[in-house]
Amino acid sequence: MRAAVITFPGSNCDRDMAVAVEHVLGKAPIRVWHGDAQLPDGLDFIALPGGFSYGDYLRSGSMAANSPIMRSVVAAAERGVPVLGVCNGFQVLTESGLLPGALMRNAGQTFICRTVPLTVENGQTLFTSAYKAGQTIHIPVAHHDGNYFADNAVLDQLEGDGRVAFRYGEPVNGSQRDIAGILNVSGNVLGMMPHPERAIEKDHGGRDGRALFESALGALNAA
Amino acid sequence: MKVRIHVSLKPGVLDPQGRAVHHSLEGLGFSGVEDVRIGRLIELEVAEDTSDAVLDDMCQKLLANMVIENYHIEKLEQEAAGAA
């Protein structure tokens with residue numbers, strides 16, 4: 001079982017992500033730099049952390065989506081390797097085309113930093129099997145560009161396919177249909193704005209994020 | 001060759017930034033403003049022989065996000081660019 005956390009210039013949740021993975025997996029993930037041409041061989045899990053890669057220049061995540069390592073991440077995702085993108089990582093995933101839609105400026109124009117309720121919409125995915133569908137969990141958000149947009153045809157397809165993993169339990173940022181996290185067609189790529197890696201230990205104020213890592217890393221351990 | 005890429009939000013995509021600016025204009029007493037949409041202007045200096053296809057490719061791969069944005073390419077004459 002080998003996990004990796006990618007760091008871009010301007011990532012700032014990469015350490016938190018690495019610590020969360022290590023807590024659940026019992027082993028530190030490999031840290032990969034954006035300029036590396038290749039991912040290490042034999043990865044079973046890749047995490048794209050939050051932050052402000054490349055200073056959010058042009059559009060959040062757009063520069064990182066075109067960095068050397070992302071070609072390798074896209075190839076791995078297409079081979080079926082599980083990829084988790086949180087916050088800026090979600091923005092990188094939409095910009096790279098691994099996930100549909102786009103993340104726009106929050107409807108209220110302000111940076112939002114608080115813990116929000118989320119509904120687990122699908123409890124049978126690689127990343128959510130340790131939750132129950134319909135369960136409410138509390139996870140922190142911290143973003144300026146989290147307003148999920150896709151056209152109605154895409155939204156209908158996401159909902160119809162069970163690819164909406166998490167929905168906000170209250171209005172947060174103007175996201176279409178309150179979508180907080182979505183999966184790709186194959187179910188091995190999850191992008192979400194809330195930060196599960198910030199809800200791992202009791203001292204974080206809650207441990208609701210832990211089950212996500214237990215789902216993804218546990219499922220892999222069992223495989 | 002100087003090229004201007006105008007990137008704008010697609011019709012139907014909500015522009016909260018434009019809406020806030022619209023409210024501010026009204027607050028300043030400018031009446032008759034029907035809508036405000038905010039886009040982005042990117043100026044490129046490219047080789048003379050750069051084809052339209054390559055410019056399109058630049059826009060679609062990086063400069064615009066085709067999920068939410070449209071783009072328009074404006075090529076500036078060298079004289080006009082120099083005089084500006």
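## A salt bridge within chain A

In this predicted model, A:Asp145 and A:Arg105 form a salt bridge, and their closest N and O atoms lie 2.7 Å apart. The pair connects distant parts of the chain, for the two residues are 40 residues apart. A:Asp145 belongs to the loop between strand S7 (136-143) and strand S8 (147-149) of chain A, while A:Arg105 belongs to the loop between strand S5 (102-104) and strand S6 (112-120) of chain A.

This salt bridge is one of 15 that a search of the whole structure finds over all chains.

## The sheet of chain A

Chain A contains an open sheet of nine strands with mixed pairing, in the order S2-S1-S3-S4-S11-S10-S9-S6-S7. Strand S2 (30-33) and S7 of chain A stand at the edges; each has a single partner strand, so one side of each is left without a neighbour in the sheet. On average, and with direction ignored, neighbouring strands of this sheet are turned by 25° against each other.

One pairing in chain A may be followed in detail. Strand S1 (residues 3-7) of chain A runs parallel to S2(A), and four bridges join the two strands. A:Val5 stands opposite A:Arg31, which lies in S2(A). A helix is also placed against strands of chain A: helix H4 (residues 88-95) lies across strand S3 (45-48), strand S4 (83-86), strand S10 (179-183) and strand S11 (189-192). The direction of H4 in chain A makes about 120° with that of S4(A).

## The sheet of chain B

The sheet of chain B is open and has three strands, with antiparallel pairing and the order S2-S1-S3. S2 and strand S3 (69-76) of chain B are the edge strands; each has a single partner strand, so one side of each is left without a neighbour in the sheet. From one strand to the next, the twist averages 20°.

Strand S1 (residues 2-9) of chain B and S2(B) run antiparallel and are joined by six bridges. B:Val7 has B:Arg40, in S2(B), as its bridge partner. H2(B) packs on the sheet and touches S1, S2 and S3 of chain B. The direction of H2(B) makes about 145° with that of S3(B).

## Where the two chains meet

How many residues of each chain are in contact with the other chain? Chain B contributes 16 residues, and chain A contributes 14. The size of an interface is often given as the accessible area lost when the parts come together. Between chain B and chain A, the buried area is about 1,200 Å², and carbon and sulfur atoms give 64% of that area.

The count of salt bridges between chain B and chain A is one. A:Arg59 and B:Glu69 form this salt bridge, with their closest N and O atoms 3.8 Å apart. On the side of chain B that touches chain A, helix H1 (16-27), strand S2 (40-45) and helix H2 (52-63) of chain B each supply at least two residues. By class, this side of chain B has 10 nonpolar, two polar and four charged residues.

Key. Residues are numbered from 1 along each chain as its sequence is written. Chains are lettered from A and ligands numbered from 1 in the order in which they are written. This is a predicted model: local features need pLDDT of at least 70, side-chain atom pairs count only at pLDDT 80 or more; totals for chains, interfaces and linings use all residues. Side-chain values use heavy atoms; hydrogens and water are left out. Contact means heavy atoms within 4.5 Å. Buried area is the accessible area (1.4 Å probe) that two parts lose on being put together, summed over both. A salt bridge is a side-chain nitrogen of Lys or Arg within 4 Å of a carboxyl oxygen of Asp or Glu. Ala, Val, Leu, Ile, Met, Phe, Trp, Tyr, Cys and Pro count as nonpolar, Asp, Glu, Lys and Arg as charged, and the others, Gly among them, as polar. Two strands pair if DSSP finds at least two bridges between them. Axes are lines fitted to C-alpha atoms, for helices over the stretch in contact, and angles run from 0 to 180 degrees between N-to-C directions.
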